[in-house]
Amino acid sequence: MAASFRSWMNVSSAFSCILNEKLCRRHLEIVETLTTVLRDTEYREAVQEEIFSSLLTVLSRLCEELQGASRDDQDQRGFTLQVTAECFRALRNSCVQCTRNQCMLRNLGFIDVSFKLLISLQNLTLESPDGIFEPLRCGIQFLGNLSVGNQRCKDDIWQLIFPKFLLQLLHVNDDKTVSYASMVLHTCLDEAKVEKLADSHHIQLALRVMELCRVQPDLEWTIIIATHHFLKSPVLVKSMYAGMSDFDRVTLLELLLAQLKAEESKDSCIPPDVAHFVACCFQKCCGDVLMLTTRSASSDEVMEEARIVTVLLEVLCEMTSDRTEFMFLQDHPDLLLTTIELLQQVHAMGKASSNIFSATWNFSSLSIDGDFSPDCPVVNFKARLIRLIGNLCHSNTNNQNKVRELDGIPLILDNCNIDSNNPFISQWAIFAIRNLLEHNKQNQELVGSLERSGTVDYSALRDLGFEIEERDGSFLLKPVRKDG
């Protein structure tokens, strides 16, 4: 305690010399002492305003020196950058859980000066650009700590850095700088600011965040921004999707899927309009998957377009899996019709010739943990189409009837066979048939007539342990009784 107190008094008495002398090693040591002292909560909360005022003057001086220093004097520039980084470290420490200091620094004008200094760092030309990263990182961290829990600081910082400077920082060739800039973006964002990102003048910032989610998935803050802010805004989701590459669209949809799976036990934060948008996108582009049977199927463009369709389908399956907040999708115009027609097409194509949609019994691609290689978007595609049909028909008489009228019941029954391209397709077919027969007399009668006429081969159902049983005039899907 006594040592800390003496350090504090030394800082108070020695700091003024920095303002009047040429920067030297002793000055750096003074700032380093201030950085250390400000890690202690007691002294952080008691720091005098005059210390901050002196530090502000030092920052202004550093900014001038960086702008005016000769390019030939690399050593002096390097030392100036060291002092700059240490000043930002001290300021970063001073803001930790300390509203008093946040407000004091804001009132003294630190936000404007820090912004000008960061701009100078961005424009600086050095033989080794790595020397810029340390002060740049520390300065961004300072702005981040300054804004945490302080709305006035958030708004002031946002006014200066949005969108141009933020976009520049997110393109810096340094992972830590990008990560800290993402942290500042996350801290400053709120619902109103997210809506602004959807504007055509600002959408590039949102698109850059999503690109980083794809190319640098280890940058945690960009993932948090996408899931905690972007996915909650239907307007922004639609604007981003329109301007994205196919690769980034897949990333967006995969993040949406991950968010849904993470919220299985509670209400989703995904708005209804986003769910409707996903359904519309699936209906609009679902035919792209059929291109996988052409000679150009191996091209990156065709594969990525098909992958979009498969991820859209998987998102819809997850949304309609007995999640009450999304069951309005059962009434989404023509979604059921589109799904049945697509299943009819891929099933017919698979039977007409040997192609990517044909049923196979080759399990050599099955990995040890039971998951198929995700390289080909067709894997699990038919199974998910059947799953979605079953979900859309759950306790929904209108959709049960639509499937019957569209000849979907024989189609689903014809997919009760093992297919290594579609693991568990038989189980999803049984699930769909159960939902189609439940409390629906006409569907039950149709299944019964198909069995009596031999139109559909029920041996696959029986091999799976199920049978169609007639009881009191109704036909029900039941497990096969095992004797003994």
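This is a predicted model: local features need pLDDT of at least 70, side-chain atom pairs count only at pLDDT 80 or more; totals for chains, interfaces and linings use all residues.

User: What about Cys285, buried or exposed?
Analyst: Cys285 is buried, with a relative accessible area of 15%.

User: How many disulfides turn up in the whole structure?
Analyst: A search of the whole structure finds 0 disulfides.

User: Changing topic, where does Thr251 sit?
Analyst: Thr251 lies in helix α16, which covers residues 246-262, and Thr251 is buried, its relative accessible area being 10%.

User: Which residues is Thr251 in contact with, leaving aside its neighbours within four places in sequence?
Analyst: With those neighbours left aside, Thr251 is in contact with Met210, Cys213 and Arg214. As for Ile308, which is 57 residues away from Thr251 along the chain, the C-alpha atoms of the two are separated by 9.4 Å.

User: And helix α23, how many residues does it have, and what is its reach?
Analyst: Helix α23 runs over residues 425-437, which gives 13 residues, and from its first C-alpha to its last it reaches 18 Å, close to the 18 Å expected at 1.5 Å a residue.

User: Which residues in α23 are buried?
Analyst: In α23 the buried residues are Ile425, Ser426, Ala429, Ile430, Ala432, Ile433, Asn435, Leu436 and Leu437. As background, an α-helix has 3.6 residues a turn, so residues three or four places apart point the same way.

User: What follows α23?
Analyst: α23 is followed by His439, whose phi is positive, near 55 degrees.

User: Last topic, where in the chain is confidence lowest and where is it highest?
Analyst: Confidence is lowest in helix α1 (residues 2-14), with a mean of 53, and highest in helix α17 (residues 272-285), at 98. Over residues 1-5 the pLDDT is below 50, and this stretch has 4 contacts in the model beyond near neighbours in sequence. Residues 365-372 also have a pLDDT below 50, with 9 contacts beyond near neighbours in sequence.

User: What does the chain average?
Analyst: The chain averages a pLDDT of 86, and 82% of the residues score at least 70.

Notes: Residues are numbered from 1 along each chain as its sequence is written. Side-chain values use heavy atoms; hydrogens and water are left out. Helices (H or I, at least four residues) and strands (E, at least two) are DSSP runs, numbered from the N terminus. The expected span of a helix is 1.5 Å times one less than its number of residues. Buried means under 20% relative accessible area, exposed over 50%, partly exposed in between (1.4 Å probe, protein chains only). A disulfide is a pair of cysteine sulfur atoms within 2.5 Å. Contact means heavy atoms within 4.5 Å. pLDDT is the predictor's confidence in each residue, from 0 to 100.
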